[in-house]
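Please keep the sequence and the coordinates at hand while reading.

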Amino acid sequence: MIRRIIRLPLKLIAMPAALALFLCHAACAILIGIGSMVTNLVSGLFIFGAAIEWIAGAPSAMAYQCLGLGLFLLAAPHLAGWIIGKAADLLYRLLAFITA
C-alpha cells in the first residue's frame with residue numbers, strides 16, 4: 001500500500017517528463033535533418049577541394065586535412081542522430097523504471 005502511495009507522484013511527474021522528452025527528441029531530429037543538408041553540401045565542397053588540391057599538386061598534408069574535414073562533416077549528422085537516439089533511449093528507460 002505504501003509503495004502505491006509513493007509511486008503515484010512519480011507517475012504524475014513521469015507523464016509531463018515523457019512529453020518533454022518527445023518534444024526535445026522531435027526538435028533535435030528536425031535540427032539534425034536541416035543541418036545535415038548544409039553539412040552534406042559543405043562536405044562535398046571539401047572533398048572536391050581535396051581532389052582538386054591533389055590534382056594541382058598541392059602539399060599532401062593540405063589535401064588530407066581537407067579530405068578529413070569533408071569526411072567528418074559527412075559523418076557528423078549521423079553521429080549526432082545516434083547520440084540523440086541513445087540519450088532518448090536512456091531517458092525512456094529511466095522513465096519506465098520509475099513508473100514500473
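G33 is partly exposed, with a relative accessible area of 33%, where buried means under 20% relative accessible area, exposed means over 50% and partly exposed lies in between, using a 1.4 Å probe and protein chains only. This is a predicted model, in which local features need pLDDT of at least 70 and side-chain atom pairs count only at pLDDT 80 or more, while totals for chains, interfaces and linings use all residues. Residues are numbered from 1 along each chain as its sequence is written, and side-chain values use heavy atoms, with hydrogens and water left out.

**Helices**

- G33 sits in helix α1, helices here being DSSP runs (H or I, at least four residues; strands are E, at least two) numbered from the N terminus.
- Helix α1 has 55 residues and reaches 76 Å from its first C-alpha to its last, which is close to the 81 Å expected at 1.5 Å a residue; the expected span is 1.5 Å times one less than the number of residues.
- Helix α2, with 40 residues (residues 60-99), should span 58 Å at 1.5 Å a residue, and its end C-alpha atoms are 57 Å apart, which agrees.
- A kink of about 35 degrees lies at A75 in α2, shortly before the proline P77, the bend being the angle between axes fitted to the seven residues ending at a residue and the seven starting there.
- After α1 comes G57, whose phi is positive, near 85 degrees.

**Packing between the helices**

- The buried residues of α1 are A14, L21, S36, T39, S43, G49, A50 and E53, and these buried residues pack against α2, where contact means heavy atoms within 4.5 Å.
- On the other helix, A63, C66, G70, L73, P77, A88 and L95 are the buried residues of α2, and they pack against α1 (2-56).
- An α-helix has 3.6 residues a turn, so residues three or four places apart point the same way.
- S43, which is found in helix α1, counts as buried because its relative accessibility is 1%; leaving aside residues up to four places away in sequence, S43 touches G70, L73 and L74.
- F72 belongs to helix α2 and is exposed, with a relative accessible area of 51%, although the C-alpha atoms of F72 and S43, 29 residues apart along the chain, are separated by 7.8 Å.
- G33 and G81 are 48 residues apart in sequence, and their C-alpha atoms are 8.9 Å apart in space.
- A96, placed in helix α2, is partly exposed at a relative accessible area of 35%, and its C-alpha atom is separated by 22 Å from that of A27, 69 residues apart along the chain.

**The largest pocket**

- The largest pocket has a volume of about 170 Å³; on a 1 Å grid over the protein atoms alone, a pocket is an open set of points with protein on both sides within 12 Å along at least five of seven lines, whereas a cavity is a set where a 1.4 Å probe fits but cannot get out.
- For that volume, grid points are joined across faces, edges and corners, and the value is the space filled by probe spheres set on the points.
- The lining consists of I47, A50, A51, W54, G57, A58, P59, S60, A63, Y64 and L67, a lining residue having an atom within 4 Å of a point.
- Both α1 and α2 contribute, each supplying at least two residues of this lining.
- S60, one of the lining residues, is found in helix α2 and counts as partly exposed at 48% relative accessibility.

**Cysteines**

- A disulfide is a pair of cysteine sulfur atoms within 2.5 Å, and by this rule the count comes to zero disulfides.
- The sulfur of C24 has its closest cysteine sulfur in C28, at 4.2 Å, and this is too far for a bond; C28 is likewise in no disulfide, the nearest cysteine sulfur being that of C24.
- C24 is partly exposed, with a relative accessible area of 45%, and C28 also counts as partly exposed, at 21% relative accessibility.
- S60 and C24 are 36 residues apart in sequence and 43 Å apart in space, C-alpha to C-alpha.
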